[in-house]
Amino acid sequence: MPLFEALRLALQTIRAQKLKSAFSIVGVFIGVMFLIAVVSVVQGMNRYMTEKFAGTILGVNTFRLRQFPDVQLGNVTDSTWRSWLRRPRVTYADVQAVAQGVSVPVVAAWESSTRATLTAGRKQAKDVQVTAATEPYFEIRSLRVEQGRAFSGQEVLAGVPVLVLGHELADKLFEGQDPIGREVRVFGIPYRVIGVVEKQGNLFGLSLDKFAVAPAGAPLKRYINPPRVVDALAVKAGSQSAMREAMTQTEAIMRSRRHLRPRQTDDFVLETADEVLDFWGKISRVLFVALPGLVAISLVVGGIVIMNIMLMAVAERTREIGIRKSLGARRRDILRQFLVEAAMLSTAGAAGGVAVGIGLAGAVAATTPLPAAVAPWSILVGVALGAGVGIVAGVYPASRAARLDPIAALRHET
């Protein structure tokens with residue numbers, strides 16, 4: 001029997017038995033749908049963590065010299081917290097020594113942050129992240145000023161009370177009016193708005209546009225840290241290898257300044273995006289290990305259902321098989337007919353699972369902070385698995401149909 005004829009007969013049978021065919025594909029449909037949806041969310045999270053989280057929060061090819069990690073992963077015990085708090089703070093002298101001592105071409109900026117309430121006329125914005133930083137801060141954080149300008153090095157040295165606002169904060173305080181040149185009070189001190197950063201979007205549902213940045217020498221600094229103390233020195237290199245070399249040199253400089261002996265551990269931290277990405281990598285690997293088991297369960301159930309349905313079909317069509325054999329149909333013709341029918345059933349279930357899985361991933365991305373990115377390989381794997389399950393599940397019913405004796409088959413329903 002030609003393959004085209006087998007496909008035609010299979011489609012004819014599926015159309016004639018719509019309800020039975022629908023029940024046959026449920027298991028494959030659920031398994032492939034789950035595969036597409038979960039892989040899409042995990043792939044989206046991988047991209048999100050690499051491009052958005054690591055790039056926005058910590059920066060690309062960037063590390064920070066800090067007293068203790070700003071991003072804590074896992075369970076941090078009380079004893080660990082106490083040991084971190086006993087560490088010396090990072091000082092102006094430390095950041096100057098590092099900035100001058102690193103021989104690799106880098107861009108460095110020191111920064112200190114706190115939470116504050118900002119007031120503009122009768123408008124207030126509470127719990128805003130307010131940062132005092134040097135002028136390379138915007139380059140390191142990849143912040144592009146959409147309106148106005150960023151502050152200059154001269155304004156940092158002079159301690160001029162000016163502010164650059166995040167997009168959402170500017171909208172909240174000035175409600176669509178031009179904020180440039182207007183006054184905003186921080187800790188009761190008037191600041192002049194000179195710039196607005198372009199919209200950054202959200203991170204896990206949290207706004208990245210509710211912040212304000214002032215020059216490091218502005219009056220704000222005395223409300224954040226003790227004199228001559230900073231939260232962090234951010235250092236950005238041109239490549240990953242240059243960043244690693246700069247980190248090695250920074251560690252040597254800081255250990256020398258802190259007079260640490262070779263066996264003593266560092267009493268500071270050099271924080272990069274790698275720790276965050278490694279932590280997420282462990283979670284995603286667990287998901288990808290668990291995923292095949294969950295999908296396999298659904299596919300096995302789907303295969304068993306298809307096998308049972310096909311066995312019922314063989315029993316119901318025994319007389320038809322006998323007639324076809326008596327008219328000259330060979331075993332391989334009967335085998336091909338039933339295998340094609342099983343494969344078409346499971347492929348239809350897989351195709352439906354792919355479509356609904358993509359839709360489900362899109363719904364997750366649209367209604368929750370979780371991103372989703374459909375991986376093309378997952379679609380191919382889903383369809384291939386569906387077809388494979390149908391072929392495997394259809395082998396026994398098809399071989400049973402092919403082995404039927406034509407005379408016994410003709411007598412079956414007489």
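Seven aromatic pairs turn up in this structure when ring centres are required to lie within 6.5 Å. Keep in mind as you browse that the model is predicted.

**Phe68 and Trp84**

- The ring centres of Phe68 and Trp84 are 5.9 Å apart and their planes meet at 5°; planes under 30 degrees apart count as stacked, so this pair is stacked.
- Phe68 sits in the loop between β1 (62–66) and α4 (78–85), while Trp84 belongs to helix α4, so the pair ties together parts that are 16 residues apart in sequence.
- Phe68 has a relative accessible area of 16%, which means that it is buried, as the cut-off is under 20%.
- Trp84 is likewise buried, with a relative accessibility of 12%.
- If you follow the ring pairs, you will find Phe68, Trp81 and Trp84 linked into a cluster.

**Tyr137 and Phe138**

- Tyr137 and Phe138 make an edge-to-face aromatic pair, with 5.8 Å from centre to centre and 85° between the planes.
- Both Tyr137 and Phe138 are buried.

- Ile304 is found in helix α10, which covers residues 273–316.
- Is Ile304 buried, partly exposed or exposed? Its relative accessibility is 48%, so Ile304 counts as partly exposed.
- Along the sequence, Ile304 and Ser24 are 280 residues apart, yet in space their C-alpha atoms are 9.1 Å apart.

Conventions:
Residues are numbered from 1 along each chain as its sequence is written. This is a predicted model: local features need pLDDT of at least 70, side-chain atom pairs count only at pLDDT 80 or more; totals for chains, interfaces and linings use all residues. Side-chain values use heavy atoms; hydrogens and water are left out. Rings of Phe, Tyr and Trp (its six-membered ring) pair if their centres lie within 6.5 Å; planes under 30 degrees apart count as stacked, over 60 as edge-to-face and the rest as tilted. Helices (H or I, at least four residues) and strands (E, at least two) are DSSP runs, numbered from the N terminus. Buried means under 20% relative accessible area, exposed over 50%, partly exposed in between (1.4 Å probe, protein chains only).
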